[in-house]
Amino acid sequence: MGTRRVVVTGASSGIGAATVRLFREKGWDVVGVARRADRLAALAAETGATVFTADLTSQADVDALRDFLAESGPVHALVNNAGGALGLDSVENSSIEDWAWMFEINVLAVKRVTSAVLPLLRAAIRTDGGSADIVTVTSIAGHVAYLGGGGYNAAKFAAHALMEVLRLELNGEPIRVIEVAPGMVKTDEFGLVRFGGDAEKAAAAYAGVPNPLVAEDIAETIVSSVERPPHVNLDLITIKPVAQAAPTRVARGPLAPKD
């Protein structure tokens with residue numbers, strides 16, 4: 001089998017960009033997908049990855065991505081990484097528009113891209129042999145509810161269910177379905193998006209937390225799960241910093257043995 005090719009969504013920053021970099025270091029051909037063409041161009045210049053500009057909440061853009069991938073070579077793996085949160089308001093008071101956006105990017109975009117790429121994964125298996133992978137980055141918010149989580153919890157719980165059902169549907173095919181559910185990850189943009197650009201609020205979430213995860217930690221988890229022997233499926237990988245026992249149980253200050 002020749003060089004394998006992976007598609008990574010949400011590639012313009014954070015976990016997505018780190019995942020593109022690591023796959024390239026490991027010798028993969030990579031197609032990085034995101035909305036921001038300037039960020040993608042910089043990533044392409046840095047890593048040698050191919051990039052494609054698309055808004056994954058647009059079916060027309062996803063169709064164009066599918067056609068580009070079909071014309072440009074085989075696809076052996078998909079990483080559904082694009083996602084995000086808005087606000088910490090209660091279910092009662094939160095914005096329905098915020099909820100709609102969270103469902104669009106965390107759930108419907110995953111469905112759109114997965115539906116578009118699955119036939120290409122099957123075609124690569126038929127041509128090249130071996131297996132294929134679908135990795136979706138969800139969150140511990142998709143497994144444990146917390147105050148203020150409302151729309152984000154609901155969207156990530158839905159993404160988790162989507163992966164569970166997809167794994168059942170693909171049983172019997174050599175296609176692994178892998179869910180990576182991170183806890184607290186300190187990136188440049190997640191908190192800024194959640195709090196409408198309020199840098200102070202975004203920073204406060206990590207204040208005093210010893211060694212929150214960083215994007216590279218999640219990228220390593222994604223790449224290593226895909227590079228496991230093809231008969232091994234890591235169905236669900238939950239990854240948190242040691243300082244975080246649960247979404248609302250986070251140690252702040254140095255970690256030390258109790259007396």
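## Helix packing and nonpolar cores

Helix α4 (residues 96-128) packs against helix α5 (residues 150-169) at an angle of about 20 degrees, and their axes lie 7 Å apart. An angle under 35 degrees counts as roughly parallel, so α4 is roughly parallel to α5. Their crossing is right-handed. This is a predicted model.

On the α4 side, the contact is made by Trp99, Met102, Phe103, Asn106, Val107, Val110, Lys111, Thr114 and Leu118. Helix α5 contributes Gly150, Gly151, Tyr152, Ala154, Ala155, Lys156, Ala158, Ala159, Leu162, Met163 and Leu166. By type, the residues of this contact are 14 nonpolar, four polar and two charged.

### The packing of α1

Helix α1 (residues 14-25) meets helix α2 (residues 37-47), with axes that come within 10 Å and cross at roughly 20 degrees. The two helices are therefore roughly parallel to each other. The crossing of α1 and α2 is right-handed. From α1, the contact uses Ala17, Val20, Arg21 and Arg24. From α2 come Leu43, Glu46 and Thr47. Three of the contact residues are nonpolar, one is polar and three are charged.

Helix α1 also packs with helix α8 (residues 215-226), at about 50 degrees and with the axes 8 Å apart. These two helices are therefore oblique to each other. The crossing of α1 and α8 is right-handed. Helix α1 brings Gly14, Ile15, Ala18, Thr19, Leu22 and Phe23 to the contact. Helix α8 brings Ala215, Glu216, Ile218, Ala219, Glu220, Ile222, Val223 and Val226. Ten of these residues are nonpolar, two are polar and two are charged.

The helix pairs compare as follows.

| Helix pair | Crossing angle | Axes |
|---|---|---|
| α4 and α5 | about 20 degrees | 7 Å apart |
| α1 and α2 | roughly 20 degrees | within 10 Å |
| α1 and α8 | about 50 degrees | 8 Å apart |

### The cores

The largest nonpolar core has 31 residues. Val6, Phe23, Val30, Val180, Ile218 and Ile222 have the most contacts inside this core. Phe23 of α1 and both Ile218 and Ile222 of α8 also take part in the contact between those helices.

Val30 touches Val6, Val8, Val20, Phe23, Arg24, Ala49 and Thr50, leaving aside residues up to four places away in sequence. Val20 and Arg24 also belong to the α1 side of the contact with α2.

Another core lies apart from the largest one. This core has 29 residues, among them Val33, Phe52, Leu120 and Met163.

How values were computed:
Residues are numbered from 1 along each chain as its sequence is written. This is a predicted model: local features need pLDDT of at least 70, side-chain atom pairs count only at pLDDT 80 or more; totals for chains, interfaces and linings use all residues. Side-chain values use heavy atoms; hydrogens and water are left out. A nonpolar core is a set of buried Ala, Val, Leu, Ile, Met, Phe, Trp, Tyr and Cys residues joined through side-chain atoms within 4.5 Å. Buried means under 20% relative accessible area, exposed over 50%, partly exposed in between (1.4 Å probe, protein chains only). Contact means heavy atoms within 4.5 Å. Axes are lines fitted to C-alpha atoms, for helices over the stretch in contact, and angles run from 0 to 180 degrees between N-to-C directions. Helices (H or I, at least four residues) and strands (E, at least two) are DSSP runs, numbered from the N terminus. Angles under 35 degrees count as roughly parallel, over 145 as roughly antiparallel, 65 to 115 as roughly perpendicular and the rest as oblique. A crossing is left-handed if the near helix is turned anticlockwise from the far one by less than a right angle, and right-handed if clockwise. Ala, Val, Leu, Ile, Met, Phe, Trp, Tyr, Cys and Pro count as nonpolar, Asp, Glu, Lys and Arg as charged, and the others, Gly among them, as polar.
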